[in-house]
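Me: I am new to this structure and would like to learn how to read it. Could you take me through some of its features, one at a time?

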Amino acid sequence: MIFKVDKIDGNARATTLQTYHSTIHTPIFMPVGTQACVKGLDFYDLTNHLDTKIILANTYHLYLRPSSPCIKSLGGLHHFTKYPNSFLTDSGGFQAFSLSNNTKKDSQGIWFKSHIDGSKHFFTPKKVLDIQYELNSDIMMVLDDLVGLPASKERILQSVKTTTKWAEESLYYHKEQQSQGLGLNNNLFAIIQGGNNKELREQSAKELCALEGFDGYAIGGLAVGESAEEMYACIEYVNAFTPQHKPRYLMGVGTPENIIEAIDRGVDMFDCVMPSRNARNGSLFTSFGKINIKSSRYHLDTLPIDEACKCYTCRNFSRAYLHHLFRANEITYFRLATLHNLYYYLELTKSARMAILNNQWNDFKKDFYTKRQN
């Protein structure tokens, strides 16, 4: 991986990250493709209508179905899906949190009970990397111990200790593989934990950065029950302890406002299911806020979703048509709405980058909020 900081305006950063499969300009939003696809879209949409350079896939889900050996035999994620650009794969740590009724943790890893057939599986730091090597993702996340908030200091401390232990095991194993000529195009990111406790966030960040050799650092364990103000304070505090010369990734966040505030505090990379999930539920993002397309007020509305938007959907279809498709439960609605919402997120981060490069970040941020007040 090649990484460079192009410009800093305040704490906001414009950077360039180059993997084996693509060059990624940040700030960047990464669409979530849990099952090696973004729901409602194909990879023509992602490459031509949205011009994405990186998307996410889910290690846990792909391990279970169709299986990582299957994907490896079909040429890895890129050949399997025909998506030519970068993949980031998570580690299963979030699934241990979100599917907690089907999981059990110990010091060595996480036991999963498959939500598909009830079979049992044990994820260790090494096992998770072996799965991701088979997927051949460009950025691999280490296995971490994610805890929801609020939580006791003792539980958060245990999360930090376990996350550091597993990260160290992952890094050692990855270096071992690379010394044998394997995994040379697979980059490894650590995940900083610590809940909303500044002391423990600092401990986690310092311990992981001291290991050296990680290609980037993610901030995990946020948007899991804390307030927005707590999240912003945590991001700002953590970034003071992460190296300037490595990418910073905020996992699973969030709203357009969350992204703007995180960019303002030095974050480079984002992912969230919100734009695609909200699209399917009728909630569409615009430069002036959200609209609910299922509302009867759009029955005869000939305007596009957002007159300022240049996405495929807004250039070709009216609110009235989207309203009709949603009400009729037509599959076409899901594609058109998802295209719009993801385009909005991608353009938001692209415009943020241009503002940073032109020393206009503060003006851009102010204008972002002003449009929402009108």
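Reply: Gladly! Let us begin with burial: buried means under 20% relative accessible area, exposed means over 50%, and partly exposed is in between, using a 1.4 Å probe and protein chains only. By that rule C311, at 2% relative accessibility, counts as buried. Before we go on, note that this is a predicted model, where local features need pLDDT of at least 70, side-chain atom pairs count only at pLDDT 80 or more, and totals for chains, interfaces and linings use all residues. Residues are numbered from 1 along each chain as its sequence is written, and side-chain values use heavy atoms, with hydrogens and water left out.

Me: Where is C311 found, and which residues is it in contact with beyond its neighbours within four places in sequence?

Reply: Helices (H or I, at least four residues) and strands (E, at least two) are DSSP runs, numbered from the N terminus. C311 is in the loop between β16 (289–292) and α12 (312–316). Contact means heavy atoms within 4.5 Å. Leaving aside neighbours within four places in sequence, C311 is in contact with H340 and Y343.

Me: Which residues does the UniProt annotation "binding site" cover?

Reply: UniProt positions are given here in the numbering used for this model, with feature names shortened, and annotations may be inferred rather than shown by experiment. According to the unreviewed entry, "binding site" covers C309, C311, C314 and H340. They are spread over 32 residues of sequence yet cluster in space, with a largest C-alpha distance of 8.4 Å.

Me: What can you tell me about C314?

Reply: C314 lies in helix α12 and counts as buried at 9% relative accessibility. Setting aside its neighbours within four places in sequence, C314 is in contact with P304, I305, D306, C309 and H340.

Me: How is the chain divided into domains?

Reply: Domain bounds come from an automatic or database domain assignment. Here they give domain 1 (2–271) and domain 2 (274–361). Taken over C-alpha atoms, the centres of the two domains are 27 Å apart. Their contact takes 30 residues from domain 1 and 24 residues from domain 2.

Me: What is the area buried between domain 1 and domain 2?

Reply: Buried area is the accessible area (1.4 Å probe) that two parts lose on being put together, summed over both. Between domain 1 and domain 2 that area is about 2,400 Å², and carbon and sulfur atoms give 71% of it. D9, F29 and H49 supply 24% of the area that domain 1 buries against domain 2, more than any other three residues.

Me: How many salt bridges are there between domain 1 and domain 2?

Reply: A salt bridge is a side-chain nitrogen of Lys or Arg within 4 Å of a carboxyl oxygen of Asp or Glu. The count between domain 1 and domain 2 is 2. Elsewhere on the topic, R353 forms a salt bridge with D6, with the closest N and O atoms 3.1 Å apart.
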